[in-house]
Amino acid sequence: MKFIIRAVDRFCAKHPRFGIPNLMLFIVIGNAIVYLFSMMDTTGLFRGYLYFIPSRIVAGEVWRLFTFVLIPQGGNVFFVALFLYFYYFIGNTLENTWGSGKFTIYYFSGVILNIIFGFLVWGITGAPSRAMVLDAHYINLSMFFAFATIYPETRVLLFFVIPIKIKWLALVDALYFLYVFLIARFPLNFLPLIAIFNYLVFCGEDLSRTLRP
């Protein structure tokens, strides 16, 4: 995987203008807008038009290839706001560290891996549409791993009150990924592994240096 990240670094060095500046800000704003519209739509039809559903995409609803990343997690407004703030903070920090180009490639490689996985499972197993509804939940959570690998000692205020190092939050995140893999129904239980794979491609070397005694 080293050659992949080195190729990404070379590409970004040769094309310094590549990337979407403030990408995470746009994604967070999109999530907030979708959440507000979802609150007004008691039928749930609006959100239903945004999910990644292979059979609907093949039928012509191609916007679903991207809109699934705009679906917020959680129903409570406090937790939605908390998650979106944290996603922005981590995503913006990674962009400042890596540059817009590398962060854009990192985020959208996670999106593309999810799309490929969704179509492969749907095509091979013929799973019904409802079995392959995807969102960006694990793509966003995997940013914790990247941030914690680069800045393991950074302290954040959990619930704006409790100081905690980001590496411990990443450990909790990893346990959550393992829990989902063990208890979720197939094939959705493999989605955490897809996110982990994307993280290891970009941060595997940094992780090995961090864990080295």
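Tutor: Buried means under 20% relative accessible area, exposed means over 50%, and partly exposed lies in between. The model discussed here is a predicted one.

Student: Is Lys-167 buried, partly exposed or exposed?

Tutor: The relative accessibility of Lys-167 is 28%. Buried requires a value under 20% and exposed a value over 50%. Lys-167 therefore counts as partly exposed.

Student: Which residue meets Lys-167 in a salt bridge?

Tutor: Lys-167 lies in helix α9, and its partner lies in the loop between α8 and β1, so the pair ties together parts that are 14 residues apart in sequence. The N to O distance of the salt bridge is 3.0 Å. The partner is Glu-153.

Student: Which residues are joined with Glu-153 into one network of salt bridges?

Tutor: The side chain of Glu-153 also meets that of Lys-165 in a salt bridge, at 2.6 Å from N to O. Lys-165 lies in strand β2 (residues 162-165) and Glu-153 in the loop between α8 and β1, so this pair ties together parts that are 12 residues apart in sequence. Salt bridges that share partners join Glu-153 into one network with Lys-165 and Lys-167.

Student: Where does Glu-153 lie, and is Glu-153 buried, partly exposed or exposed?

Tutor: Glu-153 is placed in the loop between α8 (137-150) and β1 (155-158). Its relative accessible area is 43%, while buried means under 20% and exposed over 50%. Glu-153 is therefore partly exposed.

Student: How many Å apart in space are Glu-153 and Thr-43?

Tutor: In sequence, Glu-153 and Thr-43 are 110 residues apart. Taken from C-alpha to C-alpha, their separation in space is 44 Å.

Student: How many salt bridges does the structure hold?

Tutor: Glu-153 takes part in salt bridges with Lys-165 and with Lys-167. Another salt bridge pairs Lys-102 with Asp-9. The number held by the structure is four.

Student: How many residues apart in sequence are the parts that Lys-102 and Asp-9 tie together?

Tutor: The closest N and O atoms of Lys-102 and Asp-9 are 3.3 Å apart. Lys-102 belongs to helix α7 (residues 100-125) and Asp-9 to helix α1 (residues 2-14), so the parts that they tie together are separated in sequence by 93 residues.

Student: Which residues are in contact with Phe-103, leaving aside its neighbours within four places in sequence?

Tutor: Leaving aside its neighbours within four places in sequence, its contacts are Leu-23, Met-24, Gly-91, Leu-94, Glu-95, Trp-98 and Met-143.

Student: Which residue has its backbone oxygen 2.7 Å from a polar atom of the side chain of Ser-38?

Tutor: Ser-38 is part of helix α2 and, at 17% relative accessibility, counts as buried. Leaving aside neighbours within four places in sequence, Ser-38 is in contact with Phe-46 and Arg-47. The backbone oxygen at 2.7 Å from its side chain belongs to Val-34.

Student: What is the phi of Asn-22?

Tutor: Asn-22 is located in the loop between α1 and α2. Most residues other than glycine have a negative phi. Asn-22 is not a glycine, yet its phi is positive, at about 60 degrees.

Methods: Residues numbered from 1 in each chain as written. Predicted model: local features only at pLDDT ≥ 70, side-chain atom pairs only at ≥ 80, totals over all residues. Heavy atoms only, no water. Helix = DSSP H or I, 4+ residues; strand = E, 2+ residues; numbered from the N terminus. Buried < 20%, exposed > 50% of the residue type's maximum accessible area, 1.4 Å probe, protein only. Contact = heavy atoms within 4.5 Å. Polar contact = N/O pair within 3.5 Å; in protein donor to acceptor, adjacent residues only side chain to side chain.
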